Amino acid sequence: MKALTWQGSYDVRIENVPDPTILEDTDVLLRVTATAICGSDLHLYRGKVPGMKDGDILGHEFMGIVEDVGPAVTRVRRGDRVVVPFTISCGDCFFCSRALFAACENTNPDRGAILNKKDARSGAGMFGYTHLYGGYAGGQAEFVRVPQGNVGPLVIPDSTLRDEQVLFLSDILPTGYQAVLNAAVGPGSSLAIFGAGPVGMMSAACARLLGVERIFMIDHHPYRLEFARDTYGVETIDFDEEEDPAALIVSLMGNRGVDASIEAVGFEAKGSKLETAMTTLKLEGSSGKALRQCIAATRRGGIVSVPGVYAGFIHGFLFGDAFDKGLGFRMGQTHVQQYMPQLLEHISNGELHPDVIISHRMRLSDAPKGYEVFEKKQENCRKVVLTPD
């Protein structure tokens, strides 16, 4: 089969690789009908995440048709059209039994990204996301083996829903939704979203769904800010033009700040020259600028919600400011399986339209070009969806 493989920093290639097979009784073999390039994939593309090996198949946002199932699979059957969550979860462990699927203790044989790990078990394995998380082959391919077929895949029974309408149930839509739930906002609330990428857009969509009244969105790509303003009615701030977005937000919110902030950028947030140098030398896990802005923009007693991916340590965290303001923090990988059914219902009812953010549709064979366009923010790229040749 054809698959997109990682060959080093900024080097991804379409190659012919062996077809996947059923290895465990709970496996599903899926024929991929649509897959997407996620912002998190760009971390891998840039070589910023350890644990990648030459030839690893990328991709953790995908869906398709069930081609075969293991003898213990009862939830899906051949011919079902399904969306697959990016986390792989067993459904039975301590955390899965509490619907904390991203913390599953049984699907990641590798160490994960925690530095001060002790003997704590690793969290869930992930598709196409390094050998820190199990080394599972991803879905930017013609076929993929899906472990834990009774827990992950969600059947899409409504044939009138196009793949593009439901594809993002695999990651960015539940991630944006969990970010808003973690922010504890609702009707009448105010919210600042740092980052106008796909997760930031989905956060804005879900915030509107839940009745948030005033939303600020901060980014430095004018085309993304314009889209967010026109689509979600947010108030936009370009941090290339406004040196201190948090100061502006505080002044616009009665010198208090917003009820909550969402940090939807992650560890490659644009920081100072010093922070950039420190991260390059591996003396810093990432820039803390976006997190500092969230802390500054959020009112006393508010919440900072972090769906953006982080690893390692950050020196400029300003924990004292967070303490003085009595802020709460909620973060982590998304418990996708927990939210997929209700979000599918919102899509079916016409209350959510996640597909509106798609800007580029390409064939799988054009995936290397898709990565380049997305990485360089060319052609006003917001989101790339790939379909098999």
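**Ground rules**

I number residues from 1 along each chain as its sequence is written, and my side-chain values use heavy atoms, with hydrogens and water left out. Since I am working with a predicted model, local features need pLDDT of at least 70 and side-chain atom pairs count only at pLDDT 80 or more, while totals for chains, interfaces and linings use all residues.

**Entry: domains**

I looked up how the chain is divided and found domain 1 (2-171 + 334-387) and domain 2 (174-331); the bounds come from an automatic or database domain assignment. Taken over C-alpha atoms, the centres of the two domains are 25 Å apart. For contact (heavy atoms within 4.5 Å), I noted 30 residues of domain 1 against 22 residues of domain 2. Domain 1 and domain 2 bury about 2,300 Å² between them, 69% of it on carbon and sulfur atoms. Buried area here is the accessible area (1.4 Å probe) that two parts lose on being put together, summed over both.

**Entry: H3 and H4**

Helices are DSSP runs (H or I, at least four residues), numbered from the N terminus. Helix H3 (residues 172-183) packs on H4 at about 60°, with the axes 8 Å apart. Axes are lines fitted to C-alpha atoms over the stretch in contact, and angles run from 0 to 180 degrees between N-to-C directions. H3 and H4 are therefore oblique to each other; under 35 degrees counts as roughly parallel, over 145 as roughly antiparallel, 65 to 115 as roughly perpendicular and the rest as oblique. The crossing is right-handed, meaning that the near helix is turned clockwise from the far one by less than a right angle. From H3, residues including Ile-172, Leu-173 and Tyr-177 meet residues of H4, among them Pro-198, Met-202 and Cys-206. I counted ten nonpolar, three polar and no charged residues there. My classes: Ala, Val, Leu, Ile, Met, Phe, Trp, Tyr, Cys and Pro are nonpolar, Asp, Glu, Lys and Arg are charged, and the others, Gly among them, are polar.

**Entry: H4 and H5**

Next I checked H4 (residues 198-209) with H5 (residues 222-232): the angle is about 15° and the axes lie 11 Å apart. The two are therefore roughly parallel, and their crossing is right-handed. Among the residues making this contact are Met-201 and Arg-208 of H4 and Arg-224 and Phe-227 of H5. The contact divides into seven nonpolar, no polar and two charged residues.

**Entry: H6 and H8**

Last, I looked at H6 (residues 245-252) and H8 (residues 289-297), which pack at about 15° with axes 8 Å apart. That makes H6 roughly parallel to H8.
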